[in-house]
Amino acid sequence: MTALPPLAALLLLVPALPIGIWVAWSDMKSMKIPNKAVIALASSFLVAGLLAIAFNLLPFTAFLWALGLGAIVLLLGFVGNATGLIGAGDAKFAAVMAPFFIGADLRFVLGLFSACLLAAFASHRLMGRVPAFRRATAEWASWTHKDFPMGLALAGTLIFYLLAALMPLFQG
């Protein structure tokens, strides 16, 4: 499931939760993920990761591997963006999300992403058909844009992964 120690996950969740909500909201509203949000998430990982190392919640080598994973995902994102498979904001956000998943079971992460993508797509399309909600969010570009706001699914994946990593704190 997750290899992230629960207390390290808590340290990471505190900034990741509001940033993830910001990214999802912004992507639905403008079909853009702000660079400020990408920088904020990267900065929060650096600060929380260093705190986790200081409190012996995360080994320094895992932190370095996490940064390496982020660099690999950034490179893959550049290729994906250049070929038109993924938006630039989605690629950058995925790259700064990647370090949070260091040591995770790839099957779990891909399954979680798949579930979040399906739920995000279904809920976005469903809420778009609710007249009161549609009127309240009439300015959202995602209602009429040909692309789907992937920030919604990406942010959900990050948040639910960190919440899953907290589960041992609540088990007897």
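The report below covers model confidence, helix packing and pockets.

## Model and confidence

This is a predicted model: local features need pLDDT of at least 70, side-chain atom pairs count only at pLDDT 80 or more, and totals for chains, interfaces and linings use all residues. Residues are numbered from 1 along each chain as its sequence is written, and side-chain values use heavy atoms, with hydrogens and water left out.

Confidence is highest in helix 4, at 98. It is lowest in helix 6 (residues 131-136), at a mean of 96. Helices here are DSSP runs of H or I, at least four residues, numbered from the N terminus.

Two packed helices are described by the angle between their axes and the distance between the axes. Axes are lines fitted to C-alpha atoms over the stretch in contact, and angles run from 0 to 180 degrees between N-to-C directions.

Helix 1 (residues 6-30) packs on helix 2 at about 175°, with the axes 9 Å apart. The two are therefore roughly antiparallel (over 145 degrees). Contact means heavy atoms within 4.5 Å. Helix 1 contributes Ala8, Leu11, Leu12, Pro15, Ala16, Ile19, Trp22 and Val23. Residues from helix 2 include Leu41, Phe45 and Leu51. By class, this contact has 15 nonpolar, two polar and one charged residue. Nonpolar means Ala, Val, Leu, Ile, Met, Phe, Trp, Tyr, Cys and Pro; charged means Asp, Glu, Lys and Arg; the others, Gly among them, are polar.

## Helix 4 and its partners

Helix 2 (residues 35-54) and helix 4 pack at about 10°, axes 9 Å apart. They are therefore roughly parallel (under 35 degrees). Asn35, Val38, Leu41 and Ala42 of helix 2 meet Lys92, Phe93, Val96 and Met97 of helix 4. Six of these residues are nonpolar, one is polar and one is charged.

Helix 4 also packs on helix 7. Their axes come within 10 Å and cross at roughly 5°, so this pair is roughly parallel. Asp90, Phe93 and Met97 of helix 4 touch Met150, Gly151, Leu154, Ala155, Thr157 and Leu158 of helix 7. The contact divides into six nonpolar, two polar and one charged.

## Largest pocket

The largest pocket holds about 560 Å³ of space. A pocket is an open set of points on a 1 Å grid over the protein atoms alone, where a 1.4 Å probe fits, with protein on both sides within 12 Å along at least five of seven lines; lining residues have an atom within 4 Å of a point. Volume is the space filled by probe spheres set on the points, which are joined across faces, edges and corners.

Of 20 lining residues, Val73, Ala94, Ala98, Val109 and Leu110 are closest to the centre. Helix 3 (60-82), helix 4 (88-97), helix 5 (106-127) and helix 7 (150-166) each give two or more residues to the lining. The lining has 16 nonpolar, two polar and two charged residues.

## Second largest pocket

The second largest pocket holds about 350 Å³. Its lining has 15 residues, with Met31, Gly87, Ala88, Asp90 and Asp147 nearest the centre. Helix 4 gives the largest share, three residues. By class, the lining has seven nonpolar, four polar and four charged residues.

Terms used:
Angles under 35 degrees count as roughly parallel, over 145 as roughly antiparallel, 65 to 115 as roughly perpendicular and the rest as oblique. pLDDT is the predictor's confidence in each residue, from 0 to 100.
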